[in-house]
Amino acid sequence: MNRKEITGFLSNLLEREKFTGAGCWAKEVSIDAGSINVKRVDYMQFEPAGICGISDIEKGVFICYEVKSCKADFNSGFGKNFIGEKNYFVMPMRLYKEVIQDIPHNVGVIVPIPFMGDKHDEFENPTELSTEGKWELRVIKHAHVQLRNRSMAELLFCMLRSSSGHKEAKKLLKGLEKSTFTGKWIPTEYDSYADGYPVWDKWECSECGREHEGDEDSLTAFCPDCGAKMEVGYIEDGKE
């Protein structure tokens, strides 16, 4: 395989194996766009702790991946933009052996090996990359978590700005709409009447019991605590 083919091979494996689940991802993510210090991350992934509560989203981490096909690519000076909590090189095993001493301590490495193969055996005798047969990715060097210096809002915006990130965000939102469970805001207290009906000013989530103060217009579409998609449930004659 030539340099371009190896890059495509590694990228396809990465997209197929790593970018599933509740998170979202984007490729060719530009950081500091419009400045003289613009840089690009090959792949960026956001993994929330869960999808049901705001705190789950806020506990999410960013993972950056840089694809390197050969030693010239590795030493080019481009594509070493590790700004996530976890950061990885994705490269052939032969290249890993060549540059193993030049990889920063906190950066992990992911390599392709034949399906069901042993990564330690592959390290000793790397198999030539080929489009024939089945391959999988393995972590040969684990990444160490580092502190992130960019805000979550900035990095998510950069991901959304890339065309792939826009498509993945739409998919994620569709999935959330289908998977989110529903609940109701149950009125519990009122302080006045209007046209013969009580004006409710205290509400409770039917799923987790979270209380909300304010009129009906102030109710949120999702419960901030349990993440349920909310409707308004009125009580008439003692029944909901």
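**Ground rules.** I number residues from 1 along each chain as its sequence is written. Since this is a predicted model, local features need pLDDT of at least 70 and side-chain atom pairs count only at pLDDT 80 or more, while totals for chains, interfaces and linings use all residues; side-chain values use heavy atoms, with hydrogens and water left out.

**Overall make-up.** I counted 7 helices and 10 strands in the protein chain. Helices (H or I, at least four residues) and strands (E, at least two) are DSSP runs, numbered from the N terminus. The protein chain has 240 residues, and 39% of them count as buried. Buried means under 20% relative accessible area, exposed over 50%, and partly exposed in between (1.4 Å probe, protein chains only). I then looked at contacts, meaning heavy atoms within 4.5 Å. Of those between residues at least 6 apart in sequence, 51% join residues at least 24 apart.

**Largest nonpolar core.** I took a nonpolar core to be a set of buried Ala, Val, Leu, Ile, Met, Phe, Trp, Tyr and Cys residues joined through side-chain atoms within 4.5 Å. The largest one has 19 residues, and Leu14, Tyr43, Tyr65, Tyr88, Val90 and Ile110 have the most contacts inside it. Two or more residues each come from α1 (3-18), β3 (61-67), β4 (86-90) and β6 (135-141). Helix α1 gives the largest share, 5 residues. I listed the contacts of Tyr43, setting aside neighbours within four places in sequence: they are Ser11, Leu14, Glu15, Phe19, Trp25, Ala26, Lys27, Ile63, Cys64, Tyr65 and Val67.

**Second largest pocket.** I worked on a 1 Å grid over the protein atoms alone, where a cavity is a set of points where a 1.4 Å probe fits but cannot get out, and a pocket is an open set with protein on both sides within 12 Å along at least five of seven lines; lining residues have an atom within 4 Å of a point. Grid points are joined across faces, edges and corners, and a volume is the space filled by probe spheres set on the points. The volume of the second largest pocket is about 360 Å³. Its lining has 16 residues, with Thr7, Glu28, Arg40, Asp42 and Val67 nearest the centre. The elements giving two or more residues to this lining are α1, β1 (24-31), β2 (39-47) and β3. By type I found 3 nonpolar, 5 polar and 8 charged residues in the lining. Here Ala, Val, Leu, Ile, Met, Phe, Trp, Tyr, Cys and Pro count as nonpolar, Asp, Glu, Lys and Arg as charged, and the others, Gly among them, as polar.

**Glu17.** I found Glu17 in helix α1, partly exposed at 28% relative accessibility. Glu17 touches Trp135, Glu136 and Leu137, not counting residues up to four places away in sequence. The side chain of Glu17 reaches the backbone nitrogen of Leu137 at 3.1 Å. I count a polar contact as a pair of N or O atoms within 3.5 Å; within protein, one must be able to donate a hydrogen and the other to accept it, and residues adjacent in sequence count only if both atoms are side-chain atoms.

Gly84 sits in the loop between α3 (71-74) and β4 and is buried, at 0% relative accessible area. Beyond four places in sequence, Gly84 is in contact with Phe62, Cys64 and Gln146. Asn106 lies in the loop between α4 (93-99) and β5 (108-114) and is partly exposed at 23%. I noted a polar contact of 2.4 Å between the side chains of Asn106 and Gln146.

**His212.** His212 is in strand β9 (residues 211-213) and counts as buried at 17% relative accessibility. I found a polar contact of 2.9 Å from its side chain to that of Ser218.

**Positive phi.** I looked up two residues other than glycine. Asp32, in the loop between β1 and β2, has a positive phi of about 60 degrees. Met116, in the loop between β5 and α5 (119-124), has phi near 70 degrees. Asp32 is partly exposed at 24%, and Met116 is exposed at 66%.
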